[in-house]
Amino acid sequence: MYERHDPSFASLSGKRQVRRIAQICAFTLLVFLGLKTATARAETGAATIRFDVATRVFRIDAADTSYVFGVNENQQLQSLYWGKRLGANDSFPTAKAMPESAAFDPPITTTPHEFVGWGVGLYVEPDLKITFPDGNRDLVLKYVSHRIDGNQLDIVMKDISREVYVTLQYQVDAETGILRRSAEIENRTDAPFTIEQVEAATWNLPRGTDYRLRYLTGRWAAEWNVQEQPVHPGKTVLESRRGTTGAQNNPWFAIDHVGDSDQDSGEAWFGALGWSGSWQLAVEQDQLQQVRVTGGFNPFDFGYRLQKGEHFQTPYFYGGYSSHGIGGASRMMHRFEIDSLLPHAPTPKLRPVLYNSWEATEFRVDEAGQMALAEKAASLGVERFVMDDGWFGQRKDDHAGLGDWYVNPQKFPHGLKPLIDKVHSLGMDFGLWVEPEMVNPNSDLYRKHPDWVLNFSGRPRSEGRNQLVLNLARPDVRAYVYGFLDKLLNENDIAFLKWDYNRNWSEPGWPAVAPEDQKKVYVDFIRNLYSILAELRAKHPNVEIESCSGGGSRVDLGIMKLTDEVWPSDNTDAYDRLLIQDGFTYAYTPGIMMAWVTDSPTWVNNRTLSLEYRFLSSMQGSLGIGANLNKWTPDDFATAKKMVAQYKSIRETVQRGSLYRLITPENNSEQSVTESVSRDGKQAVAFAFLHSSRERYPFPRIYLRGLDANANYRIAPLDGKLAKDTPASASGAYWMHRGVDVELRGDFQAAAFTLERTGGAAGN
Ligand code: GLA
């Protein structure tokens, strides 16, 4: 029999005690009503967290997922199950540690732990490694107590002899079954100790040898490449050592079975870290074929000295399970991000259609030029006008000005007000580019505060794009950055900040603090970044923020909690973007993925693409325009105006709906097709792209997904042609099983169509 076990009830406040009594009553009722009630609760999608006192098994159930682990005979937390939801009355025997495997692999190494300290003889990835002042580095954590509070479970562990406490925190999302895990370390010894490695969590998969790992790699202008590889014995480390999230790897993984090639069937386990600093994910198949994924801070060059009495919190590591393949895993992530993670969740505002000046004017911004662009943008139906780099300090190019956040008086003699007023008078709101964490050596700020940047005393300071990284971990730098942003927002009617970050760290020293504390910069920098964002949002609740890092180098679930949208790549070639956007959506919702229509031929590949193609590519995300409108013809304006209006009619479906990858552009496929289905099921929109046709083969038939087989849907082309024999209306079953043919032939062709549910049952 499962019971709630709550040793710390007495420590709760009065209000929470009342809540707790209500929970206990509800639970008692549940016990009395037995299986019937438990099943009913499962059907409503509610989350339950239970502890079986007799077997010492914890069980978390939500949506389609069960997550089970127990306290074994060594008082350690051992994984028992993670996968499809089990029967409400299914029970597990008490966890039993794995036996020693000859003399070489002790139980500490062979047992699948939830969270394990480095001690005894641990040869797999540890979650926590500590060096104590006396040189001792042995840490053995054992279960002490736990507390269940609604959808949250906290478990306290302690070292066998030292006053080191670790609280494992589990929170479950009722709608998706996604778990959020983290750990808090507390030093109750009487001296400081140094944490040399600390991860948020370890996820253990069911034992198996047929797993495939998917992960994301990239670089500037080529972010979001999906990689696939079998999970072999040994370890694959995904990481950033850059001080920031980075594009080389993104902190996301998904694992499914090698045989499941279909996007939407089979089992998939996935996870992502909420951290925008250096991070690590270690995917390991151990010597007994147990697959574990451990993630959190990157242990490379890590060291956090924790004073007596201090607590230390890891980032969150989110994990989920889907029985609808990798496509289902993405849809679950998207749903979770929109409903539970983004600012204003569960109803983040739809992204406005945006214009951005960067590709049109680069640094050459001024009042007249921006006003002229604003007028043209407004005529297209654009809702937000964003002035990019170049408006501040002595910023003529990327050699000067970063750090000096005053409005450039030559370019804007009357400040920003006339431009902002003009933008408002055109019916748009106004956004501005900033890069708060950086400084050019050629700036007043650097001349005044050369000690404010990351550096090692007496060593060169390497520049990237002629800039250095301010050490945001320093309280004075944090105060400066918050101060100038707050002032900017107080003095100007700004609705949106594009927050850029155009290089990664070098020489990550912090000479102003004691040598033993210098590595704290990896943690304190990011904590200050988050606290600035949180404070600005609280003070200026109507301001929206985009996370940009020379493209998509700072996209993760940590920054996403504090920003409304992200810039996935500086690569705005609409064809390249198909691949980039496809990869992005494995982990992140297209609802926050900015996608600009820019000029053709593109600066990226010198490729010529029709305006329609460019629009359709961008309409798969959050639509923006970044072209030089001064060069557009009247025909271009007419096309763009029509397509902006079309986008508005499907934007809710694209931004909040369910995404299906019908044909992925991966592996140089000649075509790609995506489909989004609105949450209410009333609308679906499909985008089809032909990269290059060959030997008169027709475009593959498009088989839609996610429709109601028994409902009727009316089809209408958004752009491009449907085959002549396409019926005007048919059942969901017809569109999903007979499919749709589009007329696409040639190079770089595109088409899109919508399906609107007409209500009546099919065939009637
Ligand atoms: C980065 C961004 C671009 C643009 C420039 C401005 O590269 O990704 O979109 O804002 O900086 O300098």
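Mentor: Helices (H or I, at least four residues) and strands (E, at least two) are DSSP runs, numbered from the N terminus. The model is predicted, with local features needing pLDDT of at least 70, side-chain atom pairs counting only at pLDDT 80 or more, and totals for chains, interfaces and linings using all residues. Residues are numbered from 1 along each chain as its sequence is written, and side-chain values use heavy atoms, with hydrogens and water left out.

Trainee: Happy to start with the loops! Which residue does a cis peptide bond join to S600?

Mentor: Look in the loop between β30 (594–597) and α13 (611–618). Omega is about 0° at the bond in question. The partner of S600 there is P601.

Trainee: And what is omega for the peptide bond from A345 to P346?

Mentor: P346 also sits in a loop, this one between α4 (325–341) and β22 (354–356). Most peptide bonds are trans. The bond from A345 to P346 is cis, with omega near 5°.

Trainee: Is W224 buried or exposed?

Mentor: W224 belongs to the loop between β12 (211–217) and β13 (225–230). Its phi is positive, about 70°, although W224 is not a glycine. Buried means under 20% relative accessible area, exposed over 50%, and partly exposed in between (1.4 Å probe, protein chains only). Because its relative accessible area is 4%, W224 is buried.

Trainee: Then what is phi of N466?

Mentor: N466 falls in the loop between α8 (444–448) and β26 (468–469), and at 22% relative accessibility it counts as partly exposed. Most residues other than glycine have a negative phi. N466 is a residue other than glycine with a positive value, near 60°.

Trainee: Let's turn to the ligand. Which residues come nearest to it?

Mentor: A residue is near a molecule if one of its heavy atoms lies within 4 Å of it. There are 13 residues around the ligand. The ones that come nearest are D388, D389, K498, D500 and D570.

Trainee: How much of the ligand's accessible area does the protein cover?

Mentor: Start with the side chains: oxygen atoms of the ligand lie 2.6 Å from an N or O atom of D388, 3.0 Å from one of W433 and 2.9 Å from a polar atom of R465. On its own the ligand has 310 Å² of accessible area (Shrake-Rupley method, 1.4 Å probe), and the protein covers 96%.

Trainee: Which side chain makes a polar contact with the side chain of K129?

Mentor: K129 is in strand β6 (residues 128–131) and, at 18% relative accessibility, counts as buried. A polar contact is a pair of N or O atoms within 3.5 Å; within protein, one must be able to donate a hydrogen and the other to accept it, and residues adjacent in sequence count only if both atoms are side-chain atoms. At 2.7 Å, the partner of K129 is E196.

Trainee: How far apart in space are L139 and V124?

Mentor: L139 lies in the loop between β6 and β7 (141–149), where it is buried at 1% relative accessibility. In sequence, L139 and V124 are 15 residues apart. From C-alpha to C-alpha, the distance is 14 Å.

Trainee: One more: what separates the C-alpha atoms of V604 and A686?

Mentor: V604 is in the loop between β30 and α13, and it counts as partly exposed at 24% relative accessibility. Along the chain, V604 and A686 are 82 residues apart. Their C-alpha atoms are separated by 26 Å.
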